Amino acid sequence: MKKVFLEQFSRIGKALSNPARLALLDLLCQSEKSVETLVAQSGMTLKNASAQLKALKEAGLVKTRRDGKYVFYSISHPDLSEFWLLLQKFGSGQIRELQLIARELVHTKETLTGVNRAELMKKAKSEDVIIIDVRPGDEYESAHLPYAISIPVSELSKKLKTLPKNKEIIAYCRGPFCLLSQEAVEYLQKKGYTAYRLDDGVQDWKSAGLSVVESKNIS
């Protein structure tokens, strides 16, 4: 392959070689977000987030639109979500350190892995189980699992009484390496609920060819 092509491909690898950029990309694979939202949800400074977003844009990985005084970022192509998902799956299978960290932090006995998704949807439809999406509300509005209700982990304590104690609660967030659902499950269990963490995120369901509820206003 000609060196000139390889040099262009390497721009993508270079853009993805920074953990801060990957954190922003992970957020943008969930939904379009303003710079201010990205700063709040990532915990980065405005200066750092702006610099990393610039690098992602220069590599053609994200795009922008302006609405008044606000600038919104989104992934440049839907295939990028699939690419990010595959990168995580490949990394989890190849990098031993990642496997150990995942086993310690997220893959606990309360995690549902290899779940029968069709059976889970059947139970959710009949309200035999309650599925909660604990991501921020903007991500839920962009796309969520069927029958899931939005209860961001930051609002869980306020909305706790809306959840029945006589049914299993299944919490999910952005995928197997997201800790929001783990935090939600631990909190629910302390409050006397039977709760489990779903390993899947919205992108996992899309990748498997399963339906999700998507906003009609995605730009």
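Predicted model: local features only at pLDDT ≥ 70, side-chain atom pairs only at ≥ 80, totals over all residues.
## The parallel strands around β8

Four bridges join β8 to β9, the strand of residues 195–201, and these two strands run parallel. Strand β8 is mostly covered, with five of its six residues buried.

Where does the chain place Arg 174? Arg 174 is found in the loop that connects β8 (168–173) with α9 (180–190). Arg 174 counts as buried because its relative accessible area is 16%, which falls under the 20% limit for that class.

The side chain of Arg 174 is joined to that of Glu 139 by a polar contact of 2.8 Å. Once neighbours within four places in sequence are left aside, Arg 174 is in contact with Asp 26, Leu 27, Gln 30, Gln 41, Arg 135, Pro 136, Glu 139, Leu 180 and Gly 201. Of the elements already described, α9 contributes to this list through Leu 180, and β9 through Gly 201.

Ser 157 lies in the loop between β7 (149–150) and β8. Is Ser 157 buried or partly exposed? With a relative accessible area of 47%, Ser 157 is partly exposed, because that class covers values between the 20% limit for buried residues and the 50% limit for exposed ones. Ser 157 and Arg 197 are separated by 40 residues in sequence and by 17 Å in space, taken from C-alpha to C-alpha.

## The antiparallel sheet

A sheet of three strands is open and has the order β1-β3-β2, with antiparallel pairing. Its edge strands are β1 (33–34) and β2 (62–67), each of which pairs on one side only. Strand β3, made of residues 70–75, pairs with β1 in the antiparallel sense over two bridges, and Lys 33 stands opposite Tyr 73 of β3.

The pairing of β2 with β3 is likewise antiparallel and runs over six bridges, with Lys 63 having Ser 74 in β3 as its bridge partner. These two strands form a hairpin that leaves two residues between them, and Gly 68 in the turn has a positive phi of about 65°. Helix α2, residues 19–28, lies across β1, β2 and β3 and runs at about 90° to β3.

## Helix α4

Helix α4 covers residues 46–58, and its 13 residues reach 18 Å from the first C-alpha to the last, close to the 18 Å expected at 1.5 Å a residue. In α4, the buried residues are Ala 49, Gln 52, Leu 53, Ala 55 and Leu 56. Seen down the axis of α4, these buried residues fall within an arc of 155°, so they line one face of the helix. An α-helix has 3.6 residues a turn, so residues three or four places apart point the same way.

The buried residues of α4 pack against α1 (3–15), α2, α3 (35–42), β2 and β3, whereas the face turned away from the buried side carries the exposed residues Leu 46, Lys 47 and Lys 54. After α4 comes Gly 60, whose phi is positive, near 80°.

## Helix α5

Which residues of α5 are buried? They are Leu 80, Ser 81, Trp 84, Leu 85, Gln 88 and Gly 91. Viewed down the axis of α5, the buried residues fall within an arc of 145°, so they line one face of the helix. On the face turned away from that buried side, α5 carries the exposed residues Asp 79, Phe 90 and Gln 94.

Definitions and conventions:
Residues numbered from 1 in each chain as written. Heavy atoms only, no water. Buried < 20%, exposed > 50% of the residue type's maximum accessible area, 1.4 Å probe, protein only. Polar contact = N/O pair within 3.5 Å; in protein donor to acceptor, adjacent residues only side chain to side chain. Contact = heavy atoms within 4.5 Å. Pairing = 2+ DSSP bridges. Axes fitted to C-alpha atoms, helices over the stretch in contact; angles between N-to-C directions. Arc of directions from axis to C-beta. Expected span 1.5 Å × (residues − 1).
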